[in-house]
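User: I am new to reading protein models and would like to go through this one step by step. Could you begin with the terms and then take my questions in turn?

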There are 2 protein chains.
Amino acid sequence: MDNKIKLRNAGLRPTKQRIIIADILLNGFNRHFTAENLQNEISISGNKMSIATVYNCLKKFKNAGLIKQVESYTDTAIFDTNNISHHHFLNEETGELIDINNNEINLVKLPDIPKGFINSGVDVIIKLKKNN
Amino acid sequence: MDNKIKLRNAGLRPTKQRIIIADILLNGFNRHFTAENLQNEISISGNKMSIATVYNCLKKFKNAGLIKQVESYTDTAIFDTNNISHHHFLNEETGELIDINNNEINLVKLPDIPKGFINSGVDVIIKLKKNN
DNA sequence: TTTTTACTTTAAAATGGTTCTAAACTACTT
DNA sequence: AAGTAGTTTAGAACCATTTTAAAGTAAAAA
Ligand SMILES: [Mn+2]
Ligand SMILES: [Mn+2]
Ligand SMILES: [Zn+2]
Ligand SMILES: [Zn+2]
């Protein structure tokens, strides 16, 4: 894998652990996941990693822009491998998230940004509940 | 105060504690707050309430539709007295939220809702960062 | 290559927000 | 007034996340 190079390009030292995680997360298939989800996938891949390292790596990956964290009021942090700006459906009952491409939403009117600030990203969450 | 009546109309038994909270929250001025913020305001008002009761009441108020909880990836739950459907600016550095009226945002295009579900609310969060 | 340095991983403990427990209390009904 | 169902509370428990500090490792310097 050239995930070693991806990590270096992101300014991260390519440790054994980060490569394991990059191999799982940066394979082109997008997903939403928790730290615990990831630790399970690491186990399934035949490796073992402390939960502290999983969290450390997720923070580094996030700050490096390799993954994102999703806004949600669940008590568990949810991460997202889809780096392209996009939005979400949120199943309020299960917490499941589904991606919405930016081109499926059109925000034609935005409020004035408060003085001294700039818009650093817009998140749209469409909450879903079961029909009937 | 007719907060006693407001509570009854919301289907909540108007206990001493709920009236204290209603007097603080339901005064017409909208705000975003945490459970701890509220407990402090209760102290300032000359009263005393266990944190368990603060959480119990917030959950009841929320389920009764008197307040809302805001989507946010901070580790602390943020509640909102503004019941009218609206959106938020989020200062990413401080976590501060500012209301955006619905009429300041115009979503002209929405994606198809997944089969079997209905749209139960759209939240727009405009993240802010300091300009230069 | 060896040495040095800074960074990373880890198990275990700590933290902090939130929920649970179970006993005392209180609003409402009869 | 008595009964009952719901509420409050202190403190314990819970659980996701962070911290600690010691051991390990990648990169830089010599
Ligand atoms: Mn959250
Ligand atoms: Mn927490
Ligand atoms: Zn996504
Ligand atoms: Zn608001």
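Analyst: A residue is called near a molecule or strand if one of its heavy atoms lies within 4 Å of it. This is a predicted model, in which local features need pLDDT of at least 70 and side-chain atom pairs count only at pLDDT 80 or more, while totals for chains, interfaces and linings use all residues. Residues are numbered from 1 along each chain as its sequence is written, chains are lettered from A and ligands numbered from 1 in the order in which they are written, and side-chain values use heavy atoms, with hydrogens and water left out.

User: Which residues come nearest to DNA strand C?

Analyst: There are 20 residues around DNA strand C. The residues that come nearest are Thr15(A), Thr53(A), Arg8(B), Tyr55(B) and Ala77(B).

User: Which element gives the largest share of the surface near DNA strand C?

Analyst: Helices (H or I, at least four residues) and strands (E, at least two) are DSSP runs, numbered from the N terminus, and chain A has 4 helices and 7 strands. The largest share of the surface near DNA strand C is 5 residues, and the element that gives them is α4(A).

User: At what angle do the axes of α2(A) and α3(A) cross?

Analyst: Axes are lines fitted to C-alpha atoms, for helices over the stretch in contact, and angles run from 0 to 180 degrees between N-to-C directions. Angles under 35 degrees count as roughly parallel, over 145 as roughly antiparallel, 65 to 115 as roughly perpendicular and the rest as oblique, and α2(A) and α3(A) are therefore roughly perpendicular to each other. Their axes come within 10 Å and cross at roughly 100°.

User: What rotation superposes chain B on chain A?

Analyst: Copies are superposed by least squares on the C-alpha atoms of residues with pLDDT of at least 70 in both. The shift along the axis is 0.1 Å, the RMSD is 0.1 Å, and the rotation is 179°.
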